[in-house]
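Please look at the structure below before reading on. The numbered points that follow are meant to be checked against it.

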Amino acid sequence: MDFVPDIEVAKNCVRLDKFSPYSPAYVITNEDLRQSMRLVPENCNRALVTAASGDHPLWCSLYGAKHVDTFDISYNAKCIMDIKTAALKCMGHIAYIDLLKNLRLCQNVQHVPDMEYISKMIPKIEWEYMCSMAGSQIFSNGIIIKDDNSHLVDDREYKKLQKIVKGRYNFIMSDIANLSGHLTGTYDFIHLSNILDYRHTISDRLYTIFPLLKHVKVGGRIVCYNLVGMNWEEMHPTEYFEELVEELNEDAQSLKKAGLNGLFEIKKQNIAKAKKMCDSDFKNFNYTKSGCTVVFERLR
Ligand SMILES: C[S@@+](CC[C@H](N)C(=O)[O-])C[C@H]1O[C@@H](n2cnc3c(N)ncnc32)[C@H](O)[C@@H]1O
């Protein structure tokens, strides 16, 4: 069932300090997507990317993915993404950049030039939500937009997007922790933006990735962008498991003291299950550092 926004709840939740169902969206990405989207495999039929500012799905289409699904914890990410795909249909590149600048700073979407046309191409419930949020700066996250920002699509890229993006992207509103429960089938490419930057231990990051492994096709990839210099790059993936087991053993005493032996067993089984899967399907569970992305490849 589609998510129905609750305006009263939303008005009290537009906070920049925590990602949540109503946290403000980024208007342009702060990642180098030209670089990380080069990792979209050839003949990519199906991709899953973070909706974020809407730039992830657009760049993913630009780099050849035929069908792109998106997910995000925030409804505002869907709003900015749908504005962008609608803009492609009705404005040129210069007007598009102006639109993004205006949205980044706006208090009320209805006051933004050209939104009148765009609003007609956005689901009614979504447009009503945006209007009701006047005063809440739902698009206020991330960098201020300048014309020369290298993260913006240039005129040529914009024109190509206008040709290849057919309509709105499918959106799954979910915390990444529950994402796998919403997925069916497998993907050639999964891009997690830099969500894992906010998982501070290796085990937290791995527990986030484990449930997604079964949704990666052979030859497919999971890309985790890394903006804060996580120390993934210092280890080979097989060492991640050793580290996890070590962490778990350290945990064991405190879990036992707290009478949580059951939890210890569950954690142990989960690690064993993921390791078994990596040993068989991800035999060469591949680790590549290219710039600041971390890639897991399913080789068989
Ligand atoms: C981590 S933020 C960072 C901004 C990003 N580097 C960009 O350039 O757009 C990217 C997106 O991840 C979403 N996000 C953050 N935590 C999440 C979570 N636990 N589950 C799902 N999405 C999440 C945010 O709502 C945001 O739209």
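1. E247 sits in helix α10, which spans residues 237-257. The model is a predicted one. Is E247 buried, exposed or partly exposed? E247 has 15 C-beta neighbours inside 10 Å, and a buried residue would need 20 or more, an exposed one 12 or fewer. E247 therefore counts as partly exposed.

2. Helix α3, residues 55-62, is mostly covered, with 8 of its 8 residues buried. Among them are H56, P57, W59 and C60. What do the buried residues of α3 pack against? They pack against helices α2 (33-36), α4 (75-90) and α8 (155-164), and against strands β1 (46-50), β2 (67-72) and β4 (187-191). After α3 comes G64, which has a positive phi, near 110 degrees.

3. From α3, the contact uses L58, S61 and L62; from α8, it uses E157, K160, L161 and I164. By class, this contact has 4 nonpolar, 2 charged and 1 polar residues.

4. Around the ligand there are 19 residues, of which F19, T29, A52, I73 and I176 come nearest. The shell divides by class into 8 nonpolar, 8 polar and 3 charged residues.

Note on methods: Residues numbered from 1 in each chain as written. Predicted model: local features only at pLDDT ≥ 70, side-chain atom pairs only at ≥ 80, totals over all residues. Helix = DSSP H or I, 4+ residues; strand = E, 2+ residues; numbered from the N terminus. Contact = placed C-beta atoms within 7 Å. Near = placed C-beta within 6 Å. Nonpolar A, V, L, I, M, F, W, Y, C, P; charged D, E, K, R; others polar.
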